[in-house]
Amino acid sequence: MGLPPSACICMRHFHSWLTVVAVTGVAPAPEGVDVSVTGEPDPADLDVVRAEVVTFNASLVAADKARPLAVFARRGGVLVGGMTGFTLWEWLFIHYLWVSDELRGAGLGGHLLGRAEATARERGCGAVWLDTFSFQAPGFYTKLGYQQFGQLNEFPPGHARHFLWKPLK
């Protein structure tokens, strides 16, 4: 007893799909969809992708706009340290923290973080998160109460990326 004709068509289609996956490691695109890969994306395409993700997210969670937060330290009018980030959904994200070489180890980094955390609390945030590299300062953050929740090894090669968070009580 042979397979019904519809099963034969499905098996042929499945075999073609398996062949594409085996050769490229990627499932084929849906029929009629052209896929391109570029290292120089069109800004309009980037805007569409971002807008669609934001729209999707807003359909599931409270719409909220990220509020920038920056703390700067100057000596004689010259920038000697700074922290940039944003607050969103009751969290502070620290994007960059920098202290000039001559002031590293003098407590300025901790002061900048403390000021950012205090502002985040005023904005209703209950926690803060950030990421740093093994060649930067993961120990600095753990001394200030940050806890690691993830690590990406060999990024960049020979190093690790650490993801940390801290409750803001």
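This report walks through the salt bridges of a predicted model.

## Overview

The structure contains three salt bridges. Let's take the pairs in turn.

## Asp 101 and Arg 104

Here the side chains of Asp 101 and Arg 104 form a salt bridge, with an N to O distance of 2.6 Å. Asp 101 has a relative accessibility of 61%, so this residue counts as exposed, the cut-off being over 50%.

## Glu 117 and Lys 166

Glu 117 pairs with Lys 166 in a salt bridge whose closest N and O atoms are 3.2 Å apart. This pair links distant parts of the chain: Glu 117 belongs to helix H3 (residues 108-122), Lys 166 belongs to strand E6 (residues 160-167), and the two are 49 residues apart.

## Asp 131 and Arg 161

A salt bridge also joins the side chains of Asp 131 and Arg 161, at 2.9 Å from N to O.

For accessibility, the cut-off for buried is under 20% relative accessible area. Asp 131, with 18%, is therefore buried, whereas Arg 161, with 22%, is partly exposed.

Notes
Residues are numbered from 1 along each chain as its sequence is written. This is a predicted model: local features need pLDDT of at least 70, side-chain atom pairs count only at pLDDT 80 or more; totals for chains, interfaces and linings use all residues. Side-chain values use heavy atoms; hydrogens and water are left out. A salt bridge is a side-chain nitrogen of Lys or Arg within 4 Å of a carboxyl oxygen of Asp or Glu. Buried means under 20% relative accessible area, exposed over 50%, partly exposed in between (1.4 Å probe, protein chains only). Helices (H or I, at least four residues) and strands (E, at least two) are DSSP runs, numbered from the N terminus.
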